[in-house]
Amino acid sequence: MEPRAGETEAMPFAKKLRASLFDCQYFLDGTASHWTLEKIHRTIAMCKSEAEVQRRVYGRFVKDEGLKYPSFDRGRNIQTPMNVPAHWPVYVGVDIGAGGDENHPSAITFVAVKPDYRYGRVFRHWRGDDKIYTMSDVASKYMELSQDLNVTAAFYDYHAKDFKTITDRMGLSFIPAEKKHDVGEQIINVLFKNGMLDVDNTQECYPIVNELTTLQLGTDKRKAKDDSVDSMRYALTKIPFDFSHVGYVPVREVVRAKQLSPHEVAHVERNKDRLRMFASESQMGLDGVQDEIKNWNEIIGMDNSFYEDFF
């Protein structure tokens, strides 16, 4: 639709119209629409990449590069290693694999977070390449890597049930990870895009960087080289990041943000998967999510007032 660099325009005399969200703030009669500047900036904050901003917000005919993590930028998100302050909480994600030449390797990622939960740093990583590691080996590797750290929480792939049994007997505390890709991938893209997450420029963290820059959308999970990123995703998805300053709060933060009654919490939990689906639709912003919440609440006879502060 638009010429690339070096190309000539195919139809230079055709009438071309491009509407952006900024053009949608007022109707033809001058009446203000629901697209306020605040809501437009909120939509920009939700976009995973600049290409998505150009497409969804400015109405340009552009396409993403097909990467699963398009918001990751080597120049912006890789930083010189820092000495993690002792008072920063540390979260860990563990992805268990059989290893060896024919199987996915195991991986462990450590993320330190500022106490205000507005910034995180991937500062330590391990991936068991080219060798078969048992679950006991992975648990021992975790103990070796974490011995000088005060780990706040560690998350693991709950499909590896024996790993939980082994670590319990070793006196370690592991929590089942959030495994849904759509949840974790969106959070990671929002973090990188808004400068809330960096990766240390070290050899041990290179597997993460390599996967972030090569993972393609639609790749068969059985063939995807994503073990390092999966371990990072397990840690990041469970961290209660503060997204308030970028205008977007993930659905799980709705439950944490206010002290709701048990009935209200259960209602939010039942609907959060549905909300994520609507929030991620390319033509739908937070207004659609809010309308969806209100519609379902009216059906079940529930008061909408406790949701209003979230949007």
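Tutor: The structure holds 0 disulfides, a disulfide being a pair of cysteine sulfur atoms within 2.5 Å. Cys 24 is partly exposed at a relative accessible area of 32%, whereas Cys 205 is buried at 0%; buried means under 20% relative accessible area, exposed over 50% and partly exposed in between, with a 1.4 Å probe and protein chains only. This is a predicted model, in which local features need pLDDT of at least 70 and side-chain atom pairs count only at pLDDT 80 or more, while totals for chains, interfaces and linings use all residues. Residues are numbered from 1 along each chain as its sequence is written, and side-chain values use heavy atoms, with hydrogens and water left out.

Turning to the rings, the structure holds 11 aromatic pairs; rings of Phe, Tyr and Trp (its six-membered ring) pair if their centres lie within 6.5 Å, and planes under 30 degrees apart count as stacked, over 60 as edge-to-face and the rest as tilted. One of the pairs is formed by Phe 72 and Phe 192, which is edge-to-face because the planes stand at 70°, with the centres 5.0 Å apart. This pair links distant parts of the chain, 120 residues apart, since Phe 72 lies in the loop between α2 (50-56) and α3 (74-77) and Phe 192 in helix α6 (residues 181-193); helices (H or I, at least four residues) and strands (E, at least two) are DSSP runs numbered from the N terminus. Phe 72 is buried at 8% relative accessibility, and Phe 192 is buried at 0%.

Trp 88 and Tyr 119 form another edge-to-face pair, at 6.4 Å centre to centre and 80° between the planes. Here, too, distant parts of the chain are linked, 31 residues apart: Trp 88 is in the loop between β1 (78-79) and β2 (90-95), and Tyr 119 in the loop between β3 (107-113) and β4 (120-127). Both Trp 88 and Tyr 119 are buried.

Ring pairs also join Phe 110, Phe 123, Tyr 142, Tyr 156, Phe 163 and Phe 174 into a cluster. Over the ring of Phe 110 sits the charged end of Arg 124, 5.9 Å from the ring centre, where the criterion is NZ of Lys or CZ of Arg within 6 Å of the centre and within 35 degrees of the ring normal.

Phe 110 is also among the residues in contact (heavy atoms within 4.5 Å) with Arg 121. Arg 121 is located in strand β4 and is buried at 6% relative accessibility.

Terms used:
Lists of a residue's contacts leave out its neighbours within four places in sequence.
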